[in-house]
Amino acid sequence: MRPILMKGHERPLTFLKYNRDGDLLFSCAKDHTPTVWFTDNGERIGTYRGHNGAIWSCDVSRDSMRLITGSADQTVKLWNVQTGAQLCTFNLVLLRAVWGPLNRTIVSAGEDAVIRIWDSEIGKLLREADKESGHKKTITSLTKSADCSHFLTGSLDKSAKLWDTRTLTLIKTYVTERPVNAVAMSPLLDHRVSPRALCKILRTWFALTLRRKYSFVLRIYGLRYFAPLDSKVHCLLSSP
């Protein structure tokens with residue numbers, strides 16, 4: 001299969017997101033401009049201009065009509081996907097944001113390690129996660145289940161946590177020996193790529209470095225991944 005090369009960003013990529021149907025791909029980068037592409041041929045459809053900092057995350061609504069982006073300029077912006085118009089701006093100190101159930105809420109998390117639920121229409125804060133059960137350091141990654149009923153967070157505190165979206169109740173904590181840069185949840189099966197898998201990755205990595213100097217081979221739930229020895233995983237993406 002011939003790869004498709006998409007050129008458009010001027011600085012390093014930080015995040016990628018498919019829409020529900022898989023025909024659109026949204027990309028974030030440090031160049032301040034989220035971009036949308038056709039996945040079948042790699043054609044760039046357009047960009048969303050308005051942020052003044054690196055874009056760390058994005059999420060698209062189930063009907064592919066609205067997009068949210070989280071930026072280093074301490075704002076989350078809500079966009080019309082088709083026209084590129086800004087619909088709303090939330091002033092938040094965060095790294096990650098995703099849609100909640102029925103696209104009526106936005107889940108945010110970031111440098112202060114606090115998870116919050118917001119009304120997507122008026123920007124009102126609805127709920128905060130309990131700080132005692134929450135992360136202790138910056139939340140680096142946030143991803144939701146296919147039905148939006150729960151979501152997973154990864155943090156520099158060497159853990160990932162599974163949460164109930166509606167109540168912000170902590171369901172489970174996964175602990176690892178290293179900071180967690182990225183987490184992902186399967187849209188079809190009841191499993192997740194999280195610190196337990198990352199622990200196995202690290203152990204496999206270190207074991208294989210004894211035999212291979214420049215590369216390692218990893219298997220995660222049947223998938224094989226190749227990367228250079230000094231690479232860092234900052235984003236995990238699952239096609240719908």
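Which residue in S4 stands opposite tryptophan 37? The tour below reaches the answer by way of the sheet to which S4 belongs.

**Before starting**

This is a predicted model, in which local features need pLDDT of at least 70, side-chain atom pairs count only at pLDDT 80 or more, and totals for chains, interfaces and linings use all residues. Residues are numbered from 1 along each chain as its sequence is written, and side-chain values use heavy atoms, with hydrogens and water left out.

**Stop 1: the sheet**

From one strand to the next, the twist averages 20°, with axes taken as lines fitted to C-alpha atoms and angles running from 0 to 180 degrees between N-to-C directions. Strands count as paired if DSSP finds at least two bridges between them.

**Stop 2: strand S2**

Select residues 24–29, which make up S2. Of its 6 residues, 6 are buried, so S2 is largely enclosed by the rest of the structure; buried means under 20% relative accessible area, with a 1.4 Å probe and protein chains only. Leu24, Phe26 and Cys28 point one way, whereas Leu25, Ser27 and Ala29 point the other way. In a regular strand the side chains alternate between the two faces of the sheet.

**Stop 3: the neighbours of S2**

Select strand S1 (residues 13–18), which is joined to S2 by 5 bridges. Phenylalanine 15 stands opposite cysteine 28. The two strands form a hairpin with 5 residues between them, and glycine 22 in the turn has a positive phi of about 80°.

Next, select strand S3 (residues 35–38), which pairs with S2 over 4 bridges. Here phenylalanine 38 is the bridge partner of leucine 24. In the turn of the S2 and S3 hairpin, histidine 32 has a positive phi of about 80°.

**Stop 4: strand S4**

S3 and S4 pair over 3 bridges. Select arginine 44 in S4: this is the residue opposite tryptophan 37.

**Stop 5: two loop residues**

Most residues other than glycine have a negative phi. Select serine 64, in the loop between strand S5 (55–60) and strand S6 (66–71). Serine 64 has a positive phi of about 60° and is buried, with a relative accessible area of 10%.

Finally, select cysteine 148, in the loop between strand S13 (139–144) and strand S14 (150–155). Phi of cysteine 148 is positive, near 65°, and this residue counts as buried at 4% relative accessibility.

How values were computed
Buried means under 20% relative accessible area, exposed over 50%, partly exposed in between (1.4 Å probe, protein chains only).
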